[in-house]
Amino acid sequence: MTDSRPAQLVLAVLCVLTPGLALAQAKPAAPPPGAAASGTGGPAVPAYDKATETTLKGPIQEVKLVDTPSGVQGTRLMLKQGQQMVEVYAGPAPFFTRQAMTFAKGEAVEVTGSKVQIKGAPALLARQIKKGDKTVVVRDEAGKPAWNKQ
């Protein structure tokens with residue numbers, strides 16, 4: 001008769017180690033949808049602060065459509081303030097499509113919003129954008145996004 005203890009021991013060790021190996025190879029959980037943080041497709045965007053509100057006027061230097069962590073394309077406008085370029089976080093591209101507002105390099109705009117720093121660079125979180133005789137309210141007075149209300 002043969003001794004089955006070595007086989008039982010091997011089986012017991014495999015039963016203990018196998019789940020641990022599976023966990024060690026598992027990928028880390030993805031961030032929740034809409035979470036914006038450095039390294040996840042874009043910088044973290046600070047909260048809107050009415051105390052830092054200002055208005056920029058001038059021609060658009062560049063229009064950027066950027067992919068966001070939520071999967072919706074964002075619209076960013078580059079404007080000059082003196083000699084400094086300011087990136088305006090306008091809002092989701094589909095929101096402007098629904099508002100029938102387009103942007104192009106060279107067009108004159110007036111943007112009111114909260115001045116912030118993103119990755120050490122000046123930026124503006126848009127609350128209201130005027131172009132010609134059309135005004136689009138992007139956020140309410142408290143800074144809550146208008147695109148969430150549609």
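1. From the N terminus on, the elements of the protein chain run α-β-β-β-β-α-β-β-β, that is, two helices and seven strands. Helices (H or I, at least four residues) and strands (E, at least two) are DSSP runs, numbered from the N terminus.

2. This is a predicted model, in which local features need pLDDT of at least 70 and side-chain atom pairs count only at pLDDT 80 or more, while totals for chains, interfaces and linings use all residues. Residues are numbered from 1 along each chain as its sequence is written, and side-chain values use heavy atoms, with hydrogens and water left out.

3. Of the 150 residues in the protein chain, 31% are buried. Buried means under 20% relative accessible area, exposed over 50%, and partly exposed in between (1.4 Å probe, protein chains only). The accessible surface of the protein chain comes to about 9,600 Å², and carbon and sulfur atoms hold 58% of it; the areas come from the Shrake-Rupley method with a 1.4 Å probe, and for residues only the protein chains shown count as cover.

4. Contact means heavy atoms within 4.5 Å. Among contacts in the protein chain between residues at least 6 apart in sequence, 50% join residues at least 24 apart.

5. Strand 6 (residues 121-131) contains Arg127. Strand 6 runs antiparallel to strand 7 (residues 134-137), with four bridges joining them; two strands pair if DSSP finds at least two bridges between them. Gln128 has Val137 in strand 7 as its bridge partner. The two strands form a hairpin with two residues between them, and Gly132 in the turn has a positive phi of about 65°.

6. Arg127 counts as buried, at 10% relative accessibility. Leaving aside residues up to four places away in sequence, Arg127 touches Tyr48, Lys50, Glu53, Thr112, Gly113, Val136, Val137, Val138, Arg139, Asp140 and Glu141. The side chain of Arg127 also makes a polar contact with the side chain of Glu141 (3.3 Å). A polar contact is a pair of N or O atoms within 3.5 Å; within protein, one must be able to donate a hydrogen and the other to accept it, and residues adjacent in sequence count only if both atoms are side-chain atoms.

7. The structure holds nine salt bridges, a salt bridge being a side-chain nitrogen of Lys or Arg within 4 Å of a carboxyl oxygen of Asp or Glu. One of them joins the side chains of Glu53 and Arg127 (2.7 Å, N to O). This pair links distant parts of the chain, with Glu53 in strand 1 (residues 53-59) and Arg127 in strand 6, 74 residues apart. Glu53 is partly exposed, at 24% relative accessible area. Lys50, Glu53, Arg127 and Glu141 are linked in a network of salt bridges.

8. Another salt bridge joins the side chains of Lys57 and Glu110 (3.9 Å, N to O). Lys57 lies in strand 1 and Glu110 in strand 5 (residues 108-118), so the pair ties together parts that are 53 residues apart in sequence. Lys57 is exposed, with a relative accessible area of 61%, whereas Glu110 is partly exposed at 23%.

9. Lys64 and Glu87 form a salt bridge in which the closest N and O atoms are 3.6 Å apart. Since Lys64 lies in strand 2 (residues 62-67) and Glu87 in strand 4 (residues 84-92), the pair ties together parts that are 23 residues apart in sequence. Lys64 counts as partly exposed at 26% relative accessibility, and Glu87 counts as buried at 17%.
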